[in-house]
Amino acid sequence: MGRYNHTIDPKGRLSIPSKYREVLGDEFVVSKGMDGCLFVYAVEDWKVFETKLASLPLVNKEARQLTRFFLSGAQYVFVDKQGRILMPQDLRDFAGLEKDVVLAGNGGRIEIWSLEKWNEINSQMDIDQISQSMMKLGLNI
């Protein structure tokens, strides 16, 4: 799904590439993500994920923490006529989003990263480690 560099304007608005809007629609969900990024889901995909979280056993502390992590910060956002969304301040704070950001397609979701964090994560990637991880997960190409 590609990768795009964008900026958040002083009012907290972020342009969403038309390629992503075609998949996500005019309304979607942004939540805290793993590794310090934000996850973006189409509404239908978010509802599936939400259902999976709701099915976790309430008596399990890890399940409660996982559910709380994803659901407490999740927010519906709407695309304006200029193709922008207003990024909620608490989610911007969580991901360290100030100005320069990266939007990266990742299967059934999009990730939003601060450019600094994106560069840091990607500078640590090693193709041999990636290959080993793929083998452990049973992914062969």
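Which residue in β8 is the bridge partner of Val102? I looked this up before anything else. The partner is Trp113. A caution for the whole notebook: I am reading a predicted model.

β7 covers residues 100-106 and β8 covers residues 109-114. They run antiparallel, and I find six bridges between them. One further pair is Asn106 with Arg109 in β8. The two strands form a hairpin, with two residues between them. I checked the turn for backbone angles. Gly107 sits there with a positive phi of about 65°.

Arg109 came up again when I listed charged contacts. It forms a salt bridge with Glu111, and the closest N and O atoms are 3.3 Å apart. Are the two partners buried or exposed? I looked up both. Glu111 has 9% relative accessibility, and the cut-off for buried is under 20%, so Glu111 counts as buried. Arg109, at 24%, counts as partly exposed.

I then checked how β1 is held to β7. Five bridges join them, and the two strands run antiparallel. Thr7 stands opposite Asp100 in β7.

I looked for a helix packed on this part of the sheet.

**Entry: Val29 in β3**

I picked Val29, which lies in strand β3. Its relative accessibility is 1%, so it counts as buried. What is it in contact with, leaving aside neighbours within four places in sequence? I find Phe39, Val40, Tyr41, Trp46, Ala74, Gln75 and Tyr76. I also took one distance across the fold. The C-alpha atoms of Val29 and Gly105 are separated by 15 Å. Along the chain these two residues are 76 residues apart.

**Entry: the β3-β4 loop**

I went on to the loop between β3 (27-32) and β4 (38-42), where Asp35 has its place. Its phi is near 65°, a positive value in a residue other than glycine. I flagged this. Most residues other than glycine have a negative phi. Is Asp35 buried or exposed? At 60% relative accessibility, it counts as exposed.

I searched the surface for nonpolar patches. Met34, Leu56 and Leu66 make one of about 230 Å². Leu66 has its place in helix α3 (residues 61-72). Its relative accessible area is 35%, so it is partly exposed. Patch members need over 30%, so Leu66 passes that cut-off.

Thr67 also lies in helix α3. Thr67 is buried, with a relative accessible area of 19%. Leaving aside its neighbours within four places in sequence, I find Thr67 in contact with Leu53, Leu56 and Ser72.

How many salt bridges does the structure hold? The count is three. Arg109 with Glu111 is one of them. Another joins the side chains of Arg13 and Asp9, at 2.6 Å from N to O. Arg13 counts as partly exposed, at 24% relative accessibility. I also find Asp80 with Arg84, at 2.9 Å from N to O. Asp80 is partly exposed, with a relative accessible area of 27%. Arg84, at 18%, counts as buried.

**Entry: helix α6**

Gly138 follows α6. Its phi is positive, near 80°.

Conventions: Residues are numbered from 1 along each chain as its sequence is written. This is a predicted model: local features need pLDDT of at least 70, side-chain atom pairs count only at pLDDT 80 or more; totals for chains, interfaces and linings use all residues. Side-chain values use heavy atoms; hydrogens and water are left out. Patches are made of residues with over 30% relative accessible area and no salt bridge: like charges are joined within 9 Å, nonpolar side chains (Val, Leu, Ile, Met, Phe, Trp, Tyr) within 5 Å. Accessible areas come from the Shrake-Rupley method with a 1.4 Å probe; for residues, only the protein chains shown count as cover. A salt bridge is a side-chain nitrogen of Lys or Arg within 4 Å of a carboxyl oxygen of Asp or Glu. Helices (H or I, at least four residues) and strands (E, at least two) are DSSP runs, numbered from the N terminus. Buried means under 20% relative accessible area, exposed over 50%, partly exposed in between (1.4 Å probe, protein chains only). Two strands pair if DSSP finds at least two bridges between them. Contact means heavy atoms within 4.5 Å.
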